[in-house]
Amino acid sequence: MKDLKYEFYIGAKAEEVWNIFVSPEGTKAIFFGCILKSTFEVGAQYEYVGPGEAGDHTVHVYGEILAFEPHKMMSYTEHPGPVYRENHAELETRITLTLEEMGECTKLTLVNDKWPENHPSYENTKSTWPMILSNVKTYAETGKTLDFGW
């Protein structure tokens with residue numbers, strides 16, 4: 001399976017974009033009502049928790065923090081939440097998010113790689129990442145999120 005790579009240019013400082021990815025307010029806005037729970041230390045676990053199939057505290061994805069440099073880079077493993085896939089522990093990918101200031105803008109690069117063969121979420125993820133990253137851009141630039149009609 002091919003790596004998924006996305007680049008976005010955002011009219012906001014890297015610190016503002018970073019805070020969207022790690023603060024409860026930011027993640028709730030861009031990740032469909034989910035809050036990111038972690039200490040962000042390398043080796044620590046994380047979970048995106050929010051409303052879903054298992055109630056208000058559904059674990060949507062989880063994994064381990066691999067690298068963490070505030071305002072610059074975060075890398076982590078990712079597994080689908082247990083309510084989504086019986087073999088969730090086997091379905092591990094890696095996500096690396098980097099931010100680079102370019103004048104008054106921030107270049108956001110996201111790479112989702114290390115896909116195991118026949119991962120059942122691959123096709124859906126290809127279209128979900130652009131929605132999430134477009135939401136990040138809009139939220140950073142306007143303070144509002146996109147209405148996807150859901």
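1. A residue is called buried when its relative accessible area is under 20%, exposed when it is over 50%, and partly exposed in between, using a 1.4 Å probe and protein chains only. Phe 40, with a relative accessible area of 16%, is therefore buried. Phe 40 sits in the loop between strand S2 (35–38) and S3. Setting aside residues up to four places away in sequence, Phe 40 touches Val 22, Ile 65, Phe 68 and Met 74, where contact means heavy atoms within 4.5 Å.

2. The model is predicted: local features need pLDDT of at least 70 and side-chain atom pairs count only at pLDDT 80 or more, while totals for chains, interfaces and linings use all residues. Residues are numbered from 1 along each chain as its sequence is written, and side-chain values use heavy atoms, with hydrogens and water left out.

3. The protein chain has 3 helices and 7 strands, in the order β-α-α-β-β-β-β-β-β-α from the N terminus. Its radius of gyration is 15 Å, close to the 15 Å that the globule rule gives for 150 residues, so the chain is as compact as a globular protein of that length. That radius is taken over C-alpha atoms, and the rule is 2.2 Å times the number of residues to the power 0.38. Helices (H or I, at least four residues) and strands (E, at least two) are DSSP runs, numbered from the N terminus.

4. The C-alpha trace spans about 45 × 30 × 30 Å along its principal axes. Of the 150 residues, 45% count as buried. Among contacts between residues at least 6 apart in sequence, 47% join residues at least 24 apart.

5. How much space lies in the largest pocket? The figure is about 700 Å³. A pocket here is an open set of points on a 1 Å grid over the protein atoms alone, where a 1.4 Å probe fits, with protein on both sides within 12 Å along at least five of seven lines; lining residues have an atom within 4 Å of a point. Grid points are joined across faces, edges and corners, and the volume is the space filled by probe spheres set on the points.

6. The lining of this pocket comprises 25 residues, with His 60, Val 61, Glu 78, Asn 124 and Thr 128 nearest the centre. Strand S4 (55–69), strand S5 (73–80) and helix H3 (122–142) each supply at least two lining residues, and H3 gives the largest share, 6 residues.

7. Helix H3 also holds Asn 135, which is buried at a relative accessible area of 3%. Beyond residues up to four places away in sequence, Asn 135 touches Ala 29, Ile 30, Thr 145, Leu 146 and Phe 148.

8. Is Glu 53 buried or exposed? Glu 53 has 63% relative accessibility and counts as exposed. This residue lies in the loop between strand S3 (45–52) and S4. Glu 53 and Val 83 are 30 residues apart in sequence, yet their C-alpha atoms are 7.0 Å apart. Leaving aside neighbours within four places in sequence, Glu 53 is in contact with Thr 58, Val 83 and Tyr 84.

9. Pro 120 falls in the loop between strand S7 (105–113) and H3 and, at 42% relative accessibility, counts as partly exposed. Apart from neighbours within four places in sequence, Pro 120 is in contact with Arg 85 and Leu 91.
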